[in-house]
Amino acid sequence: MENNKHLLLGDEAVALGAINAGLSGVYAYPGTPSTEITEFIQASPLAKERGIHCRWSSNEKTAMEAALGMSYMGKRAMVCMKHVGMNVAADAFVNSAMTGANGGLVVVAADDPSMHSSQNEQDSRFYGKFAMMPTFEPSSQQEAYEMIGEAFELSERYRIPVLFRLVTRMAHSRAVVTTGEVREQNKKSYPQNPNQWVLMPAFAKARNNVLTKEQADFLAEAENSKRNKYVDGADKSMGVVACGIAYNYLMEHYENGCPYPVLKVSQYPLPKKLVKRMADECESILVLEDGQPFAEEQIRGVLDEGVKVRGRLTGEVPRTGELTPDNIIAALHLKNAEVYPKSEIVVPRPPALCMGCGHRDMYAALNEVVKEYENARVFSDIGCYTLGFLPPYRAIHSVVDMGASITMAKGAADAGQFPSVAVIGDSTFTHSGMTGLLDAVNEKANITIIISDNLTTGMTGGQDSAGTGRLESICTGIGVEPEHVRVVVPLPKNMEEMKKVMREEIEYKGVSVIIPRRECIQTARRHAKNKNK
């Protein structure tokens, strides 16, 4: 392929970089802000021509394990997820550092500082350090494109998976990216040391020793990486450590270059020699990073007490929320006023369920039924239907993590709660609700589960749902009595029928499942539009 220029999201730059680096398979569960990586590959003619695997997985753990299997066969594989998906994949992810990789294996984690569409602000770089795994963090879309190939190369050089961290602003902002040549895919090959992939104690102990010794190599790679660079400055009163996108933000404010020494960090482990050089030359160090004080805490551990380190832990940068150009202006004392003032024209609009959404009719019926009971509790889950907490419905009492609705409802029932109702979506159910249902069935828990089935993964844009067309058989296969798996159509004209079914199943002393099924209004419109083309 000839060099070319493209206007790409950060997610798209990662996707195209992976394709051009010889990718054979991407495995993912949709989650903002990572979703567009897989969608780009799914829409890529080159990916189709090359037969790159790009179907959605049931959850992040299955995605991680499938990618590990492709790596075992010598092929290059990529796993994509949002930061909380790392929690789901953690078992396989951490152990993958012990098995190592055969074909290059890159795990892309898209973090969401400021929680634009997430439950927390966790920083995935901690997972890389925890697993003793090299970590990349690009500062621009161009770097994202280039570094994904470098991550695959490092993965194959050391036979180790590599973590690749993005943040929301990197994932969802656009820039011109110059692309390079397309690498051929790896040929199939088996691991040189197959015992390494069998994590029985005898083999795992030996592998743990190897991985521990390799930390010095990973550090040397980071300290010599062209992605980590020390740019000297005339004003030694302060040095600035800028991690990932923070480097981009910093340089925006200096047309002729930053007057302070700058250490750009885009590859971890933290390059300690460069940090110590800055400490020797500068009176203080300001650490700029999007997310938690990951680098700042490590820098404090590396340096003597005499060097002043400032950042999120000392208040120069806000402790919570995403890093912004205004944060940096304040930390550098450039201006007192905001350079990017908030618009007075755009009025904030709270999210709401779409008009015509089946979740609306489900909640309308559920509210009518549960108000007939004293202290009814409805445990919900992660999806569009989470908006049932907001007016006008105010229908749910908890939202914690994917799949928690069923197990929380069971735990509440164990404590004597009645009625105890769980609301979960079809995609979330197959992601992590089925095991909770099995627990409930095994103990004949007195709960009612509503699987609000809109035939898609609606919250992230209408991706395929793993359980479409199979929910009833899944529930009965797990052990729910067939007569207590009820399907209704959530429409206003069916309101009385829905309420009747809900009352009957709440009164049943055991596990019952109600499936209100109607296609997502957004995907229905797209399907109708495509049909008329």
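This is a short walk through one protein model, from its overall build down to a few single residues.

Okay, hi everyone. One thing before we start: what you see is a predicted model. Let's begin with the whole protein. It has 19 helices and 18 strands, so keep the numbering handy, because I'll be calling elements by number. Along its principal axes, the C-alpha trace spans about 75 × 60 × 55 Å. How does the radius of gyration fit with a compact globule? For 533 residues, such a globule would come out near 24 Å, and this protein has 25 Å, which agrees.

A few more overall values. Of the 533 residues, 56% count as buried. The accessible surface comes to about 23300 Å², and carbon and sulfur atoms hold 53% of that. And if you take the contacts with a separation of 6 or more, 78% of them are between residues 24 or more positions apart.

Now let's zoom in on strand 16, residues 447-452. Is it buried or exposed? Well, six of its six residues are buried. And that goes for both faces: Ile 447, Ile 449 and Ile 451 are covered on one side, and Thr 448, Ile 450 and Ser 452 on the other.

So who are the neighbours? Quick reminder: strands in a sheet pair through backbone hydrogen bonds, either parallel or antiparallel. Strand 15, residues 420-425, runs parallel to strand 16, and five bridges join the two.

The order is 8-10-9-12-13, and the pairing is mixed. Which strands sit at the edges? Those are strand 8, at 229-231, and strand 13, at 308-310, and each pairs on one side only. On average, neighbouring strands in this sheet are turned by 20° against each other, ignoring direction.

Within that sheet, look at strand 9, residues 239-243, and strand 12, residues 284-288: they pair in the parallel sense over four bridges. Ala 242 stands opposite Leu 288 in strand 12. Then there's helix 12, residues 294-302, which packs on the sheet and touches strand 9, strand 12 and strand 13. The direction of helix 12 makes about 175° with that of strand 13.

Pro 33 is in the loop between strand 2 and helix 2. Another cis peptide bond joins Phe 418 and Pro 419, with omega about -10°, and Pro 419 lies in the loop between helix 15 and strand 15.

Arg 394 has a phi of about 45°, and you'll find it in the loop between strand 14 and helix 15. Arg 394 is exposed, at a relative accessible area of 52%, since the cut-off is over 50%. Leu 455 has a phi of about 65° and is in the loop between strand 16 and helix 17. With 32% relative accessibility, Leu 455 counts as partly exposed.

How values were computed: Residues are numbered from 1 along each chain as its sequence is written. This is a predicted model: local features need pLDDT of at least 70, side-chain atom pairs count only at pLDDT 80 or more; totals for chains, interfaces and linings use all residues. Side-chain values use heavy atoms; hydrogens and water are left out. Buried means under 20% relative accessible area, exposed over 50%, partly exposed in between (1.4 Å probe, protein chains only). Two strands pair if DSSP finds at least two bridges between them. Axes are lines fitted to C-alpha atoms, for helices over the stretch in contact, and angles run from 0 to 180 degrees between N-to-C directions. Contact means heavy atoms within 4.5 Å. The radius of gyration is taken over C-alpha atoms; the globule rule is 2.2 Å times the number of residues to the power 0.38. Accessible areas come from the Shrake-Rupley method with a 1.4 Å probe; for residues, only the protein chains shown count as cover.
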